[in-house]
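I opened the model to look up its helices. My notes follow.

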Amino acid sequence: FLKQEGVNSPVHVRSVCKQTCHKLAVCDTAASKHLLKRLMVAGLSTKYRQATMAVTIDASNHTAARDGMFSLTGNQARYRRLGQVSRERAVNIVLTRKKLLYARSEGKLAMAAEIQIKLGNLQRFHALATQREVHELLRRDIRALLGKGCSFA
């Protein structure tokens with residue numbers, strides 16, 4: 001199906017649910033959007049609204065589209081989702097990692113060592129800040145539930 005649709009980007013398929021379900025990961029945005037459109041035309045019924053929103057995502061509406069997607073998908077991953085500031089930190093980490101790989105490929109070992117230290121600091125700060133954000137979100141949710149009269153006893 002993928003070759004027939006002209007998808008030439010890296011694709012990963014892995015089994016989940018004891019071999020009865022499979023997860024498809026397409027590593028190219030254009031190919032993902034193309035496949036989603038084809039699935040929608042073919043009668044996709046599950047998560048149709050999410051797919052409709054996903055094909056409209058671009059750099060200009062990324063944050064708004066993500067927020068809209070979360071309102072459609074529920075709270076299953078509420079405490080794993082990255083906020084805007086966290087996503088910016090993650091992008092910075094990816095860019096720093098690319099700089100490190102480039103420095104190593106050019107044989108600039110002193111520069112690579114400096115970048116490696118910077119990368120480690122960025123990763124540690126990101127992990128700490130992300131956990132702090134999750135903690136604050138949990139506190140807000142607990143306060144909201146207590147305000148509604150819920151009891152945890």
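I began with the span of helix α5 (residues 109–147): its 39 residues at 1.5 Å a residue should span 57 Å, and its end C-alpha atoms are 56 Å apart, which agrees. The expected span of a helix is 1.5 Å times one less than its number of residues. Helices (H or I, at least four residues) and strands (E, at least two) are DSSP runs, numbered from the N terminus.

I noted the ground rules: this is a predicted model, where local features need pLDDT of at least 70, side-chain atom pairs count only at pLDDT 80 or more, and totals for chains, interfaces and linings use all residues. Residues are numbered from 1 along each chain as its sequence is written, and side-chain values use heavy atoms, with hydrogens and water left out.

I checked confidence (pLDDT, the predictor's value for each residue, from 0 to 100). The protein chain has a mean pLDDT of 84. Confidence is highest in helix α4 (residues 84–105), at a mean of 95.

I listed buried residues (under 20% relative accessible area, 1.4 Å probe, protein chains only). In α5 they include I115, L119 and V134. In α4 they include I93, T96 and L100.

I looked past the helix ends. G107 follows α4 with a positive phi near 75°.

Definitions and conventions
Buried means under 20% relative accessible area, exposed over 50%, partly exposed in between (1.4 Å probe, protein chains only).
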